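Trainee: Could you walk me through how to read this structure?
Mentor: Gladly; let's look at it together.

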Amino acid sequence: MITVKEALQRASFQLREAGITAPRREAEILLAAILEKSRAWLYAHADEILGNAAYLQFRQWVKRRAEGEPYAYLCGEREFMGLPFLVTPAVLIPRPETEILVEAVAEELRECPNPKLLEIGAGSGAIAVTLATLLPQAEIVAVDISTAALEVAALNAERLRVGKRLRLLPGDLYAPVRGQKFTAVISNPPYIPTKDLTNLTKDVKDYEPQVALDGGPDGLAFYRRLTVELKELAAAPRFLALEVGQGQAASVSALCHHAGYQKIKKIPDLAGIPRVILAKL
Ligand SMILES: C[S@@+](CC[C@H](N)C(=O)[O-])C[C@H]1O[C@@H](n2cnc3c(N)ncnc32)[C@H](O)[C@@H]1O
């Protein structure tokens with residue numbers, strides 16, 4: 001017999017030994033998911049005895065996490081801007097940096113009466129679904145080359161009740177929306193240089209989809225295509241909002257400038273690293 005508190009202590013120790021940076025927090029997230037309770041509940045019920053089935057599952061998940069599997073894939077959920085997103089190994093796990101991109105776009109469009117937005121590379125739908133909740137007047141189209149990812153995005157759109165204003169289309173970049181007109185194009189494209197993929201941490205390189213990570217030889221392949229192929233749309237969107245990897249802001253700004261965008265803003269993350277390029281005509 002083991003209590004909630006003891007199970008968490010053992011799991012935290014095991015995860016710390018495995019090099020996980022926030023062992024206690026992740027142990028709590030895993031146990032809370034198994035018990036279908038909040039993390040606050042775990043504190044309020046620290047002395048409660050865990051059932052055998054729950055403890056067995058917890059031990060298995062902690063072992064898998066210690067071996068590198070991301071906790072979000074184990075629980076099947078990840079919070080993004082306070083909203084719960086379903087995630088499977090078909091989609092990139094939404095990252096906190098991407099919240100900067102969503103906040104910048106929402107701020108830019110708050111006063112716009114009926115924006116039509118295009119997201120390239122929907123993944124779990126974290127960006128498109130969150131924008132749909134923040135901008136009730138917006139119509140959003142989100143494209144992804146992975147139909148498996150779009151299935152997850154569709155579930156998230158349905159769960160968060162924005163399905164009516166979000167169209168999910170399979171295809172390569174602008175191909176599914178050729179000749180259409182949008183207020184803005186938003187993207188967090190794959191941006192890791194191909195040669196760096198093998199140096200990523202195990203939880204990323206062994207578990208997250210390569211199609212969501214590989215940005216070509218210099219990591220900039222998608223930014224080149226996103227800016228050059230804009231001519232496939234009926235008109236240039238009023239602005240582009242692009243998440244960028246570390247060290248890519250100057251090159252991506254230059255690509256936007258070359259595509260005719262004159263006013264370019266680089267938005268930094270909390271560490272001061274430029275993470276988002278907002279380029280206006
Ligand atoms: C870095 S992930 C971003 C996922 C999600 N938007 C987010 O921010 O969490 C990039 C996404 O681009 C998609 N993708 C890769 N190549 C693509 C292409 N040629 N056309 C459209 N989408 C593509 C991947 O399947 C993946 O879902």
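Trainee: How do I read the share of contacts in the chain between residues 24 or more positions apart?
Mentor: Start with the term: two residues are in contact if their C-beta atoms, placed from the backbone, lie within 7 Å. In this chain, 66% of the contacts with a separation of 6 or more join residues 24 or more positions apart. Bear in mind that this is a predicted model, in which local features need pLDDT of at least 70 and side-chain atom pairs count only at pLDDT 80 or more, while totals for chains, interfaces and linings use all residues. Residues are numbered from 1 along each chain as its sequence is written.

Trainee: Which residues of helix 2 are buried?
Mentor: A residue is buried if 20 or more other C-beta atoms lie within 10 Å of its own, exposed if 12 or fewer, and partly exposed in between, with C-beta atoms placed from the backbone. In helix 2 (residues 23-35), the buried ones are P23, E26, A27, E28, I29, L30, L31 and I34. Their cover includes helix 1 (4-17), helix 3 (39-44), helix 4 (52-66) and helix 5 (71-75). After helix 2 comes E36, with a positive phi near 55°.

Trainee: Where is P190, and what does it touch?
Mentor: P190 sits in the loop between strand 6 (184-187) and helix 9 (202-205). P190 counts as buried because it has 22 C-beta neighbours inside 10 Å. Leaving aside residues up to four places away in sequence, P190 touches V211, A212, L213, D214, G215 and F222. The C-alpha atoms of P190 and G121 are 8.4 Å apart, although 69 residues separate them along the chain.

Trainee: How many residues surround the ligand?
Mentor: Here a residue is near a molecule if its C-beta atom, placed from the backbone, lies within 6 Å of it. The ligand has 22 residues around it, the closest being G121, G123, I145, N188 and A212. Helix 7 (126-134) and strand 4 (139-144) are the elements that each give two or more residues to this shell.

Methods. Helix = DSSP H or I, 4+ residues; strand = E, 2+ residues; numbered from the N terminus. Expected span 1.5 Å × (residues − 1).
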